[in-house]
Amino acid sequence: KTVYTDPAQISFAPKVKRAFLDWPSVIDVTLSLPVDPEEMKAKAVVVTVGGEKRAVTDVRPEGAAVSGATAFQIRLETPIALADAAMPISVKMGGLAPATVFLRDCLTNEAFTDVYAELGCRFTPAKTSFRAWSPVASKAEVLLYKTANDAEPYKTAVMLPSPRGVWVVDLAGNYHGVYYMYRFTSYGESRVVPDIHGYAATKDS
């Protein structure tokens, strides 16, 4: 985090505090300060998906007061699809700085979720299968460790995307009892996480 010691360096201009996609065609935006809704008409709002503009049909203020509005709903002509989920999505409100749009409640939409997927680790004497769900990930990997205390994996397996946000990899052999984690890359960052669908966990998982 940046620590400012000079008041002249601090900007008190409005900015986008958060932007969430709660429905495939609706982005909910919250600003840090009220702005005039007339300045945030559809033509003044730019939404990009993977660097390409996505047409905006309407921008609606929510709970606007005399001083202006801090919450807006942005409606898109074309809904965000599963193929778009792993791409960078941004919104620029008028003259404000662009902000990342995070997918949230829309991930419960059936287009983004495979309710019948067998997630987690499944093993047989011949092979071990790993299945994980992360529609917003641009890359997914399985990290295998020899002990629970190892800081680095002894083997990394790249997972392949399959329908509705599920990532898959099959490894030859039985990996029952082997320690593993997942590494997902999304929103420009990589995160190492345990398998929430695993059958067992170490004390620090």
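Reply: Set aside the neighbours within four places in sequence, and aspartate 28 touches Arg18, Ala19, Phe20, Asp22, Glu62, Phe72 and Gln73; contact means heavy atoms within 4.5 Å. The model is predicted: local features need pLDDT of at least 70, side-chain atom pairs count only at pLDDT 80 or more, and totals for chains, interfaces and linings use all residues. Numbering runs from 1 along each chain as its sequence is written, and side-chain values use heavy atoms, with hydrogens and water left out.

Aspartate 28 sits in strand 2 (residues 26-35); strands are DSSP runs of E, at least two residues, numbered from the N terminus. Aspartate 28 is buried but has no salt bridge. Buried means under 20% relative accessible area, exposed over 50%, partly exposed in between (1.4 Å probe, protein chains only). A salt bridge puts a side-chain nitrogen of Lys or Arg within 4 Å of a carboxyl oxygen of Asp or Glu. The nearest side chain of opposite charge is arginine 104, 5.2 Å away; Lys and Arg count as positive, Asp and Glu as negative, and His and the chain ends are not counted. The side chain of aspartate 28 does make a polar contact with that of glutamine 73, at 3.3 Å. Such a contact is a pair of N or O atoms within 3.5 Å; within protein, one must be able to donate a hydrogen and the other to accept it, and residues adjacent in sequence count only if both atoms are side-chain atoms.

Arginine 104 also lies over the face of phenylalanine 20, 3.9 Å from the ring centre. The rule asks for CZ of Arg or NZ of Lys within 6 Å of the ring centre and within 35 degrees of the ring normal. Phenylalanine 20 is itself among the contacts of aspartate 28. Lysine 146 has its charged end over the ring of tyrosine 154, 5.7 Å from the centre.

Elsewhere, charges do pair. The model has 10 salt bridges. Arginine 60 and aspartate 58 form one of them, with closest N and O atoms 2.5 Å apart. Arginine 60 is partly exposed at 41%, and aspartate 58 is partly exposed at 24%. Lysine 127 and aspartate 170 meet at 3.9 Å, N to O. That pair links strand 11 (residues 127-133) to strand 15 (residues 166-172), 43 residues apart. Lys127, Arg131 and Asp170 are linked in a salt-bridge network. Lysine 41 bridges to glutamate 38 at 3.7 Å; glutamate 38 counts as exposed at 55%.

Methods: Helix = DSSP H or I, 4+ residues; strand = E, 2+ residues; numbered from the N terminus.
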